[in-house]
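Hello,

Here is the structure I promised to pass on. Please open it first, then read my notes below.

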Amino acid sequence: MDQVEVFKALSNKTRLQILNWLKEPAENFPEQPNADFENVGVCVGQIQIKAGLSQSTISEYLSILQRADLVCATRVGQWTYYKRNKEGIEKLSKIINSEL
């Protein structure tokens, strides 16, 4: 885990909001007909609607979070779903507790 990349990813309000929303997706997004939140995640389109930003901006933000190992993506047909990467979040927590 590259600490600089992680903290750069967290330095944006919307990216922080996305991580927060993905923590409790059932509370933050409408039910999805084709995929469940726990196993697959939240569709990019739902994240885009909630954030009120363009699809390209949200895709870039999610890509940054994914490179930082904070979210993981699952492709189902033509749609991509994102959820928090629990292992990456745990690594970040350990870094904060042990090194900062």
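A charge sits over a ring if NZ of Lys or CZ of Arg is within 6 Å of the ring centre and within 35 degrees of the ring normal. Arginine 15 does this with tyrosine 61: its charged end is 5.0 Å from the ring centre. Lysine 50 lies over the face of tryptophan 21, 5.3 Å from the ring centre.

Some background. This is a predicted model, so local features need pLDDT of at least 70 and side-chain atom pairs count only at pLDDT 80 or more, while totals for chains, interfaces and linings use all residues. Residues are numbered from 1 along each chain as its sequence is written, and side-chain values use heavy atoms, with hydrogens and water left out.

Now the rings. There is one aromatic pair (Phe, Tyr or Trp rings, the six-membered one for Trp, with centres within 6.5 Å; planes under 30 degrees apart are stacked, over 60 edge-to-face, the rest tilted). Tryptophan 21 and phenylalanine 29 form this pair, edge-to-face, at 6.3 Å centre to centre and 90° between the planes.

Which of its residues are buried (under 20% relative accessible area, 1.4 Å probe, protein chains only)? They are Ile58, Tyr61, Leu62, Ile64 and Leu65. Seen down the axis, the buried residues fall within an arc of 155° (taken from the directions from the axis to the C-beta atoms), so they line one face of H5. On the other side, Ser56 and Arg67 are exposed (over 50%).

Best wishes

Terms used: Helices (H or I, at least four residues) and strands (E, at least two) are DSSP runs, numbered from the N terminus.
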